Amino acid sequence: MPPDSVWVEPATWPDGRSGYIVYWTAVEGADGYRIYREVAVTTGLDEDGNLVELEQPRFEWIPWGFVETTEPVEWMAATLDGDAAVFAIATVQGDEESEFVSVHLPETPRFVPPPPDSVWVEPATRPDGAVAYVIFWSAVDGAVGYSIYREMESSDLDGPRLMLVAQVEATEPIVQWTVDEPDDGHAVFAISAFSLDEESEPVYVRLREIATAVRPRSWGQVKAVGATGTSR
């Protein structure tokens, strides 16, 4: 089995150089672990054996080190002034090696924003007199924008389908988007926040929830108990 639970921590060597320590959980039965480093190859040989520059760099894995089995396992990855690099770790057992798991140095956490909160809808009137709707929601910290989807009809086996209809930039503190065509209020929309890394789970809103609201009408007056007067 390849190593599991791999993580990275920054470190400083006694001579002042900076680098990283890569840790991982030991694999049962392993004799050790082979370390590889990803190297960009920028030159090659042409048909005549001459050294030439490649149009596009070619990335290759080269053996970089070996670590004996310990609990837990750690390996010091010395890079030039802590520069970024990509390494890979494979479990060695006898004459066989597992598939390897790659690790990026430094480990860059991916930010997955939470879904939008406090979503609500308000009716609006288009210039042609038709009813429209404006969807509002509270801004999400760290989001760079929002995706608006519309729920499309599908078979029961497929479940609901979402079609992307718009994307808006992040604004503070309230974000809004107007349904750009008249609707009878039965449509369902979904809104998700996205960062440069990931997109959140969507939040659904049905326009009909406010489309069926009716303003109370006055039908007369009723005499209160204990009060004088005539009802009509």
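Two strands pair if DSSP finds at least two bridges between them. Helices (H or I, at least four residues) and strands (E, at least two) are DSSP runs, numbered from the N terminus. This is a predicted model, in which local features need pLDDT of at least 70 and side-chain atom pairs count only at pLDDT 80 or more, while totals for chains, interfaces and linings use all residues. Residues are numbered from 1 along each chain as its sequence is written, and side-chain values use heavy atoms, with hydrogens and water left out.

## Strands and sheets

Strand S11 (residues 145-152) and strand S14 (residues 188-194) run antiparallel and are joined by six bridges. Tyr149 stands opposite Ala190 in S14. Both strands belong to an open sheet of four strands with antiparallel pairing, in the order S12-S11-S14-S15. Its edge strands, S12 (161-169) and S15 (203-206), each pair on one side only. On average, neighbouring strands of this sheet are turned by 25° against each other, direction ignored; axes here are lines fitted to C-alpha atoms, for helices over the stretch in contact, and angles run from 0 to 180 degrees between N-to-C directions.

| Partner of S6 | Bridges | Direction |
|---|---|---|
| S3 (residues 32-45) | six bridges | antiparallel |
| S8 | five bridges | antiparallel |
| S7 (residues 96-97) | two bridges | antiparallel |

Individual residues mark these pairings. The bridge partner of Gly32 in S6 is Val92, and Val92 also stands opposite Glu97 in S7. Val86 stands opposite His104 in S8. The hairpin of S6 and S7 has two residues between the strands, and Gly94 takes a positive phi near 65° there. S6 is mostly covered, with eight of its nine residues buried. Buried means under 20% relative accessible area, exposed over 50%, and partly exposed in between (1.4 Å probe, protein chains only).

## Nonpolar cores

A nonpolar core is a set of buried Ala, Val, Leu, Ile, Met, Phe, Trp, Tyr and Cys residues joined through side-chain atoms within 4.5 Å. The largest such core has 20 residues, of which Ile135, Trp137, Tyr146, Ile148, Trp177, Phe189 and Leu207 touch the most other members. At least two residues of this core come from each of S10, S11, S12, strand S13 (174-178) and S14. Contact means heavy atoms within 4.5 Å. Not counting residues up to four places away in sequence, Phe189 touches residues including Ile135, Ile148, Val165, Trp177 and Leu207. A second, separate core of 17 residues includes Val27, Ala30, Ile35 and Leu105.

## Aromatic rings

A pair of aromatic rings is described by the distance of the centres and the angle of the planes. Rings of Phe, Tyr and Trp (its six-membered ring) pair if their centres lie within 6.5 Å; planes under 30 degrees apart count as stacked, over 60 as edge-to-face and the rest as tilted. The whole structure holds eight aromatic pairs. One of them, Trp24 with Tyr33, is edge-to-face, at 5.4 Å centre to centre and 75° between the planes. Trp24 is buried, with a relative accessible area of 0%, and Tyr33 is buried, also at 0%.

The pair of Trp120 and Phe136 is stacked because the ring centres are 5.4 Å apart and the planes lie at 10°. This pair links distant parts of the chain: Trp120 is in strand S9 (residues 117-125) and Phe136 is in strand S10 (residues 131-138), 16 residues apart. Trp120 counts as partly exposed, at 32% relative accessibility, whereas Phe136 counts as buried, at 13%.

Tyr36, Trp61 and Phe100 form one aromatic cluster. The charged end of Arg37 sits over the ring of Trp64, 5.1 Å from its centre. A charge sits over a ring if NZ of Lys or CZ of Arg is within 6 Å of the ring centre and within 35 degrees of the ring normal.

## Two loop residues

Pro116 lies in the loop between strand S8 (101-105) and S9. Pro116 counts as buried because its relative accessibility is 6%.

Ser195 is placed in the loop between S14 and S15. At 9% relative accessibility, Ser195 counts as buried. With residues up to four places away in sequence not counted, Ser195 touches Phe111, Pro113, Gly142 and Val144.
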